[in-house]
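User: Please examine the structure below and explain its charged side chains.

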Amino acid sequence: MQTPEYLNAYLNGMQFVLLAIEGRIDEFDDEERETLRAFLDEYHEIAMRMRERSRLGVSP
């Protein structure tokens, strides 16, 4: 993660994958869906924190 541009591209890719998983969440039963939702929420939060740190000029 050398540059802010690289980190931004990485985070865009990460969020794309999370959205793709979220798009298929209805294929799981209720228990799996709840577990997957918690996973998605956690990783979305991580991506947002990394993006904010990058915006502030703090290295991840």
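User: Which residue forms a salt bridge with glutamate 22?

Analyst: This is a predicted model, in which local features need pLDDT of at least 70, side-chain atom pairs count only at pLDDT 80 or more, and totals for chains, interfaces and linings use all residues. Residues are numbered from 1 along each chain as its sequence is written, and side-chain values use heavy atoms, with hydrogens and water left out. A salt bridge is a side-chain nitrogen of Lys or Arg within 4 Å of a carboxyl oxygen of Asp or Glu. With the closest N and O atoms 3.1 Å apart, the partner of glutamate 22 is arginine 37.

User: How many residues apart in sequence are the parts that glutamate 22 and arginine 37 tie together?

Analyst: Helices are DSSP runs of H or I with at least four residues, and strands are runs of E with at least two, numbered from the N terminus. Glutamate 22 lies in helix 1 and arginine 37 in helix 2, so the pair ties together parts whose separation in sequence is 15 residues.

User: Is arginine 49, which pairs with glutamate 45, buried or exposed?

Analyst: The N to O distance in the salt bridge between arginine 49 and glutamate 45 is 3.0 Å. Buried means under 20% relative accessible area, exposed over 50%, and partly exposed in between (1.4 Å probe, protein chains only). At 56% relative accessibility, arginine 49 counts as exposed.
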